[in-house]
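Biologist: Can you walk me through this one? Start with any term I need.

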Amino acid sequence: LFPYTTLFRSDSEGKLGIDAMLDLFMDAATTHAIQMGVGFPQLAPRNLFWLTVKTKAIWTERPRMGEICMLRTWPDAPDKMRCTRSYELSQDGNVLVRAKTEWAVLNTLSGGLVPIAEVYPEGLEFPDTVCPEPFVRVIDRFDGIEPVAEYTVRSTDIDVGHHMNNVAYVRAVLGSYSTAELAAMDIHEVDAVFRNQSFEGDVLTVQEQP
């Protein structure tokens, strides 16, 4: 359980930014993983690294600048090679945002994935997921569609894994639209599926398919 004040991460509407919200979830996941004994400081000596595979977030409302929220996060029951984590952002007992991320653990020496049972401590209890809706299947069908924008991966997009951070992709897509366009979209749900790595200097194409 993490108290959070939406002060410095607000967007042009004075609400918690979508990318900032996902950043917040990653911060909470990192903190809780360390508390569980499976965070970056504990896994790095074993040549293991957490990879974000998918992200889903659904919200009725985003908290406004300066408002105090409470964030809860917990691991869901894992599969053999992947696991999910739930997030719940609430205000005065009212749930505003429900989200989940899917993770895998990479062996940085072999390049292969590691069974989750070899990472999670024994005896963990797994509450029900807060976000039972399935991840959206994203299909690449953009032939003949003009790009919305191009984005060059910057040094500020790179995380400790030396590749583009998962939230940086969402930030790049959102930044391809004007504030007026984003307001007109009235976004209340985000799904992101991460398939390949990008590195500093890579040029990414942002495409849109209704």
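Predicted model: local features only at pLDDT ≥ 70, side-chain atom pairs only at ≥ 80, totals over all residues.

Modeller: One term to begin with: a residue is buried when its relative accessible area is under 20%, and exposed when that is over 50%. Now take strand E9, residues 203-206. Leu204 and Val206 are on its covered face. Val203 and Thr205 are on the uncovered one.

Biologist: Which strand is joined to E9?

Modeller: Strand E7, residues 149-152, through four bridges. The two run antiparallel. Tyrosine 151 stands opposite leucine 204 in E9.

Biologist: New topic. How many residues are in the largest nonpolar core?

Modeller: That core has 45 residues. Phe25, Trp50, Tyr87, Val119 and Met164 have the most contacts inside it.

Biologist: Which element gives the largest share?

Modeller: H1, with eleven residues. Other elements giving two or more include strand E2 (48-59) and helix H3 (166-174).

Biologist: What does valine 119 touch?

Modeller: Leaving aside neighbours within four places in sequence, valine 119 contacts Val38, Leu43, Leu48, Trp50, Val105 and Val114.

Biologist: And pockets? What volume does the largest have?

Modeller: About 1400 Å³. It has 32 lining residues, and Val138, Phe142, Val173, Asp191 and Gln207 are the closest to its centre. The lining splits into 20 nonpolar, six polar and six charged residues.

Biologist: What about the second largest pocket?

Modeller: That one holds about 840 Å³. Its lining has 37 residues. Trp50 turns up again, among those nearest the centre.

Notes: Residues numbered from 1 in each chain as written. Heavy atoms only, no water. Core = buried A, V, L, I, M, F, W, Y, C linked by side-chain atoms within 4.5 Å. Buried < 20%, exposed > 50% of the residue type's maximum accessible area, 1.4 Å probe, protein only. Contact = heavy atoms within 4.5 Å. Pairing = 2+ DSSP bridges. 1 Å grid on protein atoms, 1.4 Å probe; cavity = no way out; pocket = protein on both sides within 12 Å on 5 of 7 lines; lining within 4 Å. Points joined across faces, edges and corners; volume = space filled by probe spheres on them. Nonpolar A, V, L, I, M, F, W, Y, C, P; charged D, E, K, R; others polar.
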